[in-house]
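Please open the structure in a viewer and keep the selection panel at hand.

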Amino acid sequence: MPRICPKCGKEQKNSAQFCSACGAKLDSSAAERTEDDVVIFTPQKKDGAGSHPLSFLKKVPKAIWITVVVAAVGIAAVLVFGNIQSTSHSREKTVEELRQAMEAGDFELLNKVAQPVDSGISFTEQTVQPMFLLYNTSSAFRRDVDSLSEDSPSVLHLVPERHFLYTTYSVTIDTCDLTVRTNIASATITAGAQNTVSVAQEAVVPALDGTTYTSDYTNLVRSSAKLSGLLPGVYDLSASYTASFGESFQTTAKVSLMENMETALNFSYSSVYVWNTSDLDVALAVGQSPYGTIGSNMTLQIAPLHPDTVLTAECTTASGEKMTSSVSAADSYFEIRFAVGKIEIYNDYDVNMDVAWSGNPYCAITGKSAYVIDSVPVGTKLTCSLEGYDIFKPYDYTVQYDYDSIYPILDLSDESSSKVALAISDYLTSLGPEAPETPTSLSADLQHILSQTHLMSAALAISNIVINDVYNVEVTEKGVLIRLNGTYDYTLPAGIALPAEPAAPAEPTDGTETSPDTAQDNTGSADTGETTESGTGETPASGDAEQPAQNSEADTQTTFTQKFDAALFYDGKTWAVQG
């Protein structure tokens, strides 16, 4: 430190012995003082004038001035830093504000202290709602908020920002990836309201078994989609798929997302194997929507389907007949069996025969001719009737084969049968023991019995006349002549028995001939016939009537059943026996 003259105050060299200004001798001990010594100089009065009030500051060393300045700056820095710390985000204040924002669902407060790591992620009041819900429902996420630190392993991180005199803190939020697996490719996956992706579609593999796979069916494979950049939160996850034929499917789930994760979201559906075994191409409908055409002997796999969806197959034959068949998708298998046939109908009558198809008039077949109906669906009912003659029942035929030939034989109606039976009864009860000049097949057998018993037919009880078949119809100018067969019963009066017929000789078992006497002895009462439980038997006179065994009591009545053929004429009002 320079030496100061004690007399005039001038600065001197350290080695000087005398003051260069006033010549005063300098104190030799001053040279040995340290630089930290403070030399107080009191200016001498000149001409009776006093010294300056602040002249003492000239004696203060520079080191003191530096120390004072540094202290002042430090005090000012402390005051400024304290003011900044009171308004910026300290560690504790940041954690507390994050907790308050999460608890109250306050987006504005959350936005002050936190931001996504990825600046490209939309950070809005809508996108943070799943995170608020996660805080309210997940204790693990609440613990992550409360234990927030710089080295936190969770998706939330406390990040310091260092300044010159202080440090502030903020929170960064990691985003998560959610991989969703489904059992239908091309499905649409949605997480929340703003995140949508499409499941990848697999390559189409050609069918190896001849089955036609639809585009929807090839999507029935397991595939996945990734939703990237999701904020942690609770998300309503949904998967939807709409098939080409209009069937829509949806499945939903909730997922709590706090890290990258993978989940499954599968659809429930039915699949139907369709096989057209018909000889015709068939139009197929799924529900109310047309699906397409499936060729003869072709197969088709249709999915996905709701179990209650109805599949309907329909085709129209060459004759204009519509055929339909339906199954529910829950059946899983649909065989379409639209078979058609060719029917040849021969009209053996002399008048036209009308043919109705499923109740609707179709054609008329002229008498004594044939008609072929082609492309008739199996199961169709054909009804034949004689044109203008309601005395016959309609003849019904249900198509069962790919080809058939039929000859409709018409039966009398119930009303006509009753009138025919009455006409036959009147005719039979009018016969006597004398044979007519020209015996008929209806009366010949009965008149033979009457001649044996010498009775009138009125004495016999004629009953239970049954008409079996009308096997011929001849139309004339005056009416119609029909030929039919059937049976009737007659009962002999009490005490009347038919004469016994000679019994045929029995053949011997040892090869010897049997005499008539021996045969008679062996048969015993065989000539009387065998009685049935109903008391009926054949008459030995004609061989067509059943005759019961003779009873021991003479007053017992005996009933016989007689077969007959008859011809009757109908003039439009009444029936008359022709023979």
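Contact, as the word is used throughout, means heavy atoms within 4.5 Å. Helices (H or I, at least four residues) and strands (E, at least two) are DSSP runs, numbered from the N terminus. The model is a predicted one, in which local features need pLDDT of at least 70 and side-chain atom pairs count only at pLDDT 80 or more, while totals for chains, interfaces and linings use all residues. Residues are numbered from 1 along each chain as its sequence is written, and side-chain values use heavy atoms, with hydrogens and water left out.

**Helix pairs**

Select residues 91–104, helix H2, together with residues 129–137, helix H4. Their axes (lines fitted to C-alpha atoms, for helices over the stretch in contact, with angles from 0 to 180 degrees between N-to-C directions) come within 8 Å and cross at roughly 95°. H2 and H4 are therefore roughly perpendicular to each other; that label covers 65 to 115 degrees, whereas angles under 35 count as roughly parallel, over 145 as roughly antiparallel and the rest as oblique. Display the side chains of Arg 99, Ala 101, Met 102 and Glu 103 in H2, which meet Met 131, Phe 132, Tyr 135 and Asn 136 in H4.

On the H2 side, the contact is made by Val 95, Leu 98, Arg 99 and Met 102; H5 supplies Phe 141, Val 145 and Asp 146.

**Two threonines in loops**

Move to Thr 127, in the loop between strand E3 (114–116) and H4. Is Thr 127 buried or exposed? Thr 127 is buried, with a relative accessible area of 15%; buried means under 20%, exposed over 50%, and partly exposed in between (1.4 Å probe, protein chains only). A polar atom of the Thr 127 side chain lies 3.0 Å from the backbone oxygen of Ser 122, and the backbone nitrogen of Thr 124 lies 2.8 Å from a polar atom of that side chain.

Thr 380 occupies the loop between strand E24 (369–377) and strand E25 (381–386). Thr 380 is buried, at 5% relative accessible area. A polar atom of its side chain lies 2.8 Å from the backbone oxygen of Pro 377. Leaving aside neighbours within four places in sequence, Thr 380 is in contact with Glu 321, Trp 357, Ser 358, Tyr 397, Thr 398 and Val 399.

**Nonpolar cores**

A nonpolar core is a set of buried Ala, Val, Leu, Ile, Met, Phe, Trp, Tyr and Cys residues joined through side-chain atoms within 4.5 Å. The largest has 69 residues, and those with the most contacts inside it are Leu 110 and Val 274. Strand E11 (residues 233–242) gives the most to this core, with five residues. Centre on Val 274: beyond neighbours within four places in sequence, its contacts include Leu 284, Ile 294, Met 298 and Phe 334. Another core, of 52 residues, lies apart from the largest one, and among its members are Leu 386, Tyr 488, Tyr 490 and Ala 566.

**Backbone details**

Select Ala 303 and Pro 304, which are joined by a cis peptide bond with omega of about -5°; Pro 304 is found in strand E17 (residues 299–305). Finish at Ser 332, in the loop between strand E19 (322–328) and strand E20 (333–336). Although not a glycine, Ser 332 has a positive phi of about 70°, and at 39% relative accessibility Ser 332 counts as partly exposed.

Key:
Polar contact = N/O pair within 3.5 Å; in protein donor to acceptor, adjacent residues only side chain to side chain.
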